[in-house]
Amino acid sequence: MFAGILKYILKRSIILFLTVVVAVYITIWIANMGGYVDEIVKSDILLSVSQSIRQNPAFKGLNETQITKIINEVYNNELKKIGFDKPFIYRSFIYLKDAITLNLGRALFLSSDSGSKNVRIIILERLPNTVLLFTTTQMILFFIGLFFGLFLSRRYGSFLDRLSVLLAPLSSLPGWFYGIFLILIFASLFRLWFGWGLPYGGMVDAPPPIDKVAYALSVLKHMILPVLSWLISYSFINVYVRRTFFLMFSSEDYVEFAKAKGLPDSLIQRRYILRPTLPPIVTDFSLTLIGSWMGAIITERVFNWPGIGSLFYAASVMFDTPVLVGLVVIYAYLLAATVFALEFVYVILDPRIRTGGA
Amino acid sequence: MSKVKGFLSQLLLYKSALIGLIIIIFLIGLSIYTVITIPYEEATRLWRAGEQYWLDNPRNALPSWVNIFSQKRLPETIILSTEKPQVGVSKAIVSAPGERFSIIKVKFSFRYEYDDFPSEINLFLKASFNESNPHITIYWVKPGGEQITLKSLLISRETMYYISNDDRLAEEIRGYISKKINRTIEYEAPVTLLLFAEEDNSVLKPDTAKVMKGVYELWIEGIIFETKVDLDAKLVIYGKVYGLAGTDHLRRDLSIALLWGTPIALSFGVTASVTVALIQMFIGALSAWFGGIADTVLQRVTEVFMVLPFLPLLIMISTFYKFNIWVLLAVVIILTVFGSGVKNYRAMFMQIKEFPYVEAARAYGAGNLRIILLYLIPKVLPTIIPSIVISVADFVFLEAALAILGLGDPLAPTWGKIIDDAYEHGALYKGLYYWVLQPSIMLALTSLSFAILGFALDKIFNPRLKEI
Amino acid sequence: MSGEHLSVRNLTMYYRTIKGEVKAVVNVSFSLFKGETVAIIGESGCGKSSLAKAIIRLMPRNVSVYRGIILFNGINLMDLNEEEFRRKIRWSKIAYVPQAALNSLNPVVKVGEQMIEPLILTYKMSKREALEKAAEALRRIGINESFIDRYPFELSGGMKQRIIIATALLINPELVILDEPTSSLDVLTQANIMNILKSIKGERGLSMIFITHDISLSSELADKVAVMYAGQIVEFNAAEKFYSDPKHPYSQKLMESVPTLRTDKKLGFIPGSPPSLLDPPKGCRFAERCPLAFSRCSEDPPTIYLNGDFYVKCWLYAKE
């Protein structure tokens with residue numbers, strides 16, 4: 001049996017890995033935009049080479065033809081050094097290998113706050129900000145959904161229940177949309193009316209407080225509106241989905257039998273409703289969490305939050321391919337790792353899967 | 001037919017569905033009206049047109065109906081032109097017989113009863129002459145009869161005098177009024193205020209300055225040393241309100257974009273939603289029905305797409321190619337089609353294909369395609385209608401989101417583009433809330449109506465909910 | 001009427017659906033003494049399961065009417081509030097074995113743990129002790145003890161049903177309600193279960209309500225028989241009297257449909273289908289399918305008492 005499990009794990013890992021590879025490769029191709037990025041790099045190099053040659057006192061005496069010749073030589077050398085003498089398709093595989101091994105290289109245009117052009121540093125500088133904001137948001141949403149979903153599933157048809165169904169469509173307006181209005185009210189109008197308002201955006205006051213506690217408080221203050229915008233948008237639909245989910249599972253036969261056995265409500269909720277439904281709930285949460293780290297580009301733009309989302313946007317607009325590819329690789333690995341981990345979680349949570357039953 | 005009737009009557013039971021449906025019908029009506037009255041080419045032409053076309057409109061003006069609710073009557077734009085015969089416009093060009101010069105006298109007069117000052121004042125002059133440029137002097141006459149010389153200048157064939165931008169004039173009049181009321185006006189009062197203000201202590205602070213109501217006049221007097229001459233003038237006193245929806249920073253009438261945003265949003269949202277759902281369903285059915293290699297391949301392809309970051313790729317492609325909106329639609333569809341929806345449909349079809357009536361169909365020799373199209377898909381169709389309706393909202397917002405990010409079609413007059421312009425020009429900081437609120441409300445209305453309808457449909461169509 | 005273990009009087013239960021109000025249980029009355037088994041016989045959709053659930057208060061979400069008297073050991077159960085009923089009566093005194101228990105076991109909890117839950121909760125037994133008892137119970141119904149540690153999906157339908165019954169008996173209730181305990185099982189398992197029930201009936205003096213659509217099956221256990229049609233009990237009699245001489249035309253038709261081993265019997269059947277519980281006909285509900293219907297049947301027939309508690313609801317037996 002052990003060999004069977006091992007074989008299965010191996011098979012899954014290989015498939016996941018291949019998925020990552022293909023996805024990254026596609027990104028490399030698209031990010032190159034049909035040679036456009038190549039052109040940028042090349043013209044960059046030509047410019048810097050020309051400048052350095054012309055400014056080099058050693059070449060002062062030479063005439064134009066000779067200078068041009070030297071420039072061309074050095075230029076072509078430089079291209080050879082970074083492998084640009086070979087066609088893109090050849091280079092794409094090198095990029096792929098680098099990306100997969102997390103050798104993310106240097107950015108073309110962007111740089112980190114500390115001035116480094118190392119893509120890994122750029123990304124790692126921003127990642128914690130996004131993780132902080134969105135993990136907090138997702139956890140709050142998760143518990144709201146779970147708690148109220150469970151609560152409402154037992155009060156089907158009650159006023160609160162119908163209210164939650166009524167408010168669920170609010171989610172059709174994305175979080176960032178509410179964000180704009182929250183800024184309008186709590187930042188703009190409040191300042192007009194009360195002389196004080198929540199921040200317009202950003203992660204921390206400028207200049208940032210030195211004291212650690214004050215810094216943390218400042219970050220918290222800046223988190224209020226973004227988190228709130230997502231809560232307004234997604235709480236109701238979350239509660240609605242969970243409540244529908246639990247409703248469906250409360251009408252299962254084994255729940256009824258549990259009631260017939262005279263078991264108290266709390267035990268039934270825990271063991272007969274929550275426990276069997278954990279696999280899809282956990283899956284949903286994990287994937288949503290990972291997704292939110294990468295997908296909240298617009299929210300980060302609206303709130304000027306220095307995270308992965310704004311990095312994605314900046315890199316996309318500037319065609320900073322190394323950064324883009326780096327981000328995609330990291331995301332792909334994170335996702336693959338999560339999916340992989342979930343398989344184990346499934347096995348633990350649902351005994352039917354262990355022996356291949358159901 | 002009775003099935004449709006039965007379904008409709010069930011739907012109408014839900015008041016929320018009714019509201020959603022009514023709003024959608026209203027939006028469709030609005031779209032039809034817009035498409036008929038302003039054809040698309042004209043709309044884009046207008047929207048794209050440079051400032052020249054919109055020059056008669058005020059900049060960043062509020063919608064006119066604001067005046068209904070506000071105590072202060074905000075000014076509308078007053079345009080007086082010698083090219084159009086109007087009350088309050090008089091022009092006389094007199095060539096004295098025997099003399100080789102002409103005297104031009106243009107007089108504009110208008111009533112100003114508003115409670116607030118205009119936003120700008122411009123004078124457009126067109127002169128026709130042979131060689132010598134006319135020399136004119138412009139006077140401003142306030143209701144009291146008091147005459148102020150604005151400027152003396154030589155004009156060319158086309159001259160624009162931005163009266164409100166004339167800083168030197170502002171200083172002059174400031175000094176003049178200060179002397180008159182024996183107090184110094186401390187702040188840098190703009191021309192628009194000074195030319196219209198009550199000349200008493202109220203003018204000392206910008207918040208307290210009052211409008212002198214009454215009849216104003218603008219005189220243009222000039223001399224040209226030729227006989228065959230003509231001069232046309234247009235005085236535009238820009239208001240602070242305009243039209244149904246106000247104007248933006250380029251003086252464009254926002255109602256055009258608001259109206260046209262409707263059919264664009266609707267067609268974008270519905271087309272994307274329906275197309276994606278249908279294709280995903282078909283792929284899911286193929287995957288579930290044929291199984292084997294086809295299934296494996298399709299599943300792996302789906303997984304690759306699920307790993308690819310949708311929005312960043314879309315941003316990259318849009319930044320590079322600067323699409324028009326319909327190509328954008330196609331790209332969005334292609335990128336979305338292999339998403340997680342396929343997995344859901346596949347799961348549904350895996351269940352359905354085991355149903356006895358499907359087996360029966362196979363037994364009588366039905367072809368694969370026939371089974372997929374006539375047996376599998378129709379069974380699943382009702383259940384997914386709610387999600388199709390709900391996802392319209394998502395696509396409408398996707399288009400808006402791209403516009404807000406500054407991508408998408410830069411020429412299409414969409415709601416997202418309005419919000420983008422507004423955000424770019426600091427609408428929230430400047431308090432130009434209407435600029436953001438109007439398109440936002442349209443977006444919200446559209447999305448909410450589809451979402452409400454979709455949720456009500458879900459209650460009807462979702463078989464598992466019915467059991468409860 | 002004293003000394004009865006269970007006495008149900010005019011029990012009524014309706015519930016609301018989108019299509020209207022379903023009158024599932026209409027003025028049902030029957031009784032049994034300690035150690036007796038009442039068989040409730042009827043077609044599918046006649047309200048038998050609703051009756052069972054009404055007795056142990058497993059109400060559907062949209063119940064609209066629930067009234068009547070349920071005397072258990074002299075106490076009216078309808079007087080108890082929800083919590084009291086749950087703690088004192090449900091399962092510990094009156095157990096319920098649902099129909100088609102294929103999905104009645106929690107798929108993610110081990111079998112043994114599910115069986116002993118009530119023991120631990122009500123009798124505060126230690127887990128070890130409870131598991132021992134459970135193992136013993138499994139042995140007695142012929143299932144290997146090792147299944148205590150297994151999960152429900154590893155069991156066959158018949159095993160699951162037997163385990164549910166074992167779970168019910170584990171707690172030593174006074175009354176067990178069995179809703180079609182054998183209908184989805186093969187004949188061998190069916191016989192097995194019937195044997196278990198018979199032995200338990202003999203050993204412990206357990207009172208039982210046995211719900212089934214299979215007349216011949218019911219005869220193995222029944223001391224009393226109640227025939228249910230369209231939400232009502234149309235005949236309630238002692239077993240020997242019922243099987244030899246069914247009074248109500250419906251009961252007669254049911255008996256006719258049972259094949260006999262030796263005689264060459266022409267099997268009867270009842271044309272038409274039972275009325276909907278949403279909008280039952282006025283008057284006798286069986287009238288439109290009854291071969292003996294006559295003019296008075298357009299009125300709802302009265303309860304004609306035969307002997308003590310036993311009765312039949314049919315105009316044929318009304319004395320003028």
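Chain B of this predicted model is divided into domain 1 (2-48 + 253-467) and domain 2 (64-238). The centres of domain 1 of chain B and domain 2 of chain B, taken over C-alpha atoms, are separated by 54 Å.

The overall form of chain B can be described in a few values. Along the principal axes, the C-alpha atoms of chain B fill a box of roughly 110 × 50 × 40 Å. The radius of gyration of chain B is 32 Å, whereas a compact globule of 468 residues would have one near 23 Å. Chain B has 18 helices and nine strands. Of the 468 residues in chain B, 39% are buried. Contacts in chain B between residues at least 6 apart in sequence include 73% that join residues at least 24 apart.

**Contacts between chains**

There are two pairs of chains in contact, and chains A and B share the most contacts. Chain B and chain C are joined by no contact, and their closest C-alpha atoms lie 8 Å apart.

The contact between chains A and B takes 35 residues from chain B and 39 residues from chain A. On the side of chain B that touches chain A, two or more residues each come from helix 9 (292-307), helix 10 (310-321), helix 14 (368-404), helix 17 (433-461) and helix 18 (463-466) of chain B. Helix 17 of chain B gives the most to this side, with nine residues.

The contact between chains A and C takes 22 residues from chain C and 20 residues from chain A. On the side of chain C that touches chain A, helix 3 of chain C gives the most, with three residues.

**Nonpolar cores**

The largest nonpolar core has 137 residues, and A:Leu327 and A:Ala332 touch the most other members. Helix 8 (residues 254-290) of chain B gives the most to this core, with 18 residues. Apart from this core lies another, of 102 residues, among them C:Ala54, C:Ala130, C:Ile163 and C:Leu277.

With its neighbours within four places in sequence left aside, A:Leu327 is in contact with A:Ile123, A:Ile308, A:Leu311, A:Phe312 and A:Ala315.

**Backbone angles in chain C**

Most residues other than glycine have a negative phi. C:Asn27 is not a glycine, yet it has a positive phi of about 50°. C:Asn27 is found in strand 2 (residues 20-33) of chain C. C:Asn27 counts as partly exposed because it has 16 C-beta neighbours inside 10 Å, a count that falls between the limit of 12 or fewer for exposed and 20 or more for buried.

C:Lys124 also is a residue other than glycine with a positive phi, in this case near 50°. C:Lys124 is found in the loop between helix 3 (111-123) and helix 4 (127-140) of chain C. Because C:Lys124 has 8 C-beta neighbours inside 10 Å, it counts as exposed.

Terms used: Residues are numbered from 1 along each chain as its sequence is written. Chains are lettered from A and ligands numbered from 1 in the order in which they are written. This is a predicted model: local features need pLDDT of at least 70, side-chain atom pairs count only at pLDDT 80 or more; totals for chains, interfaces and linings use all residues. Two residues are in contact if their C-beta atoms, placed from the backbone, lie within 7 Å. Helices (H or I, at least four residues) and strands (E, at least two) are DSSP runs, numbered from the N terminus. Domain bounds come from an automatic or database domain assignment. The radius of gyration is taken over C-alpha atoms; the globule rule is 2.2 Å times the number of residues to the power 0.38. A nonpolar core is a set of buried Ala, Val, Leu, Ile, Met, Phe, Trp, Tyr and Cys residues joined through C-beta atoms within 7 Å.
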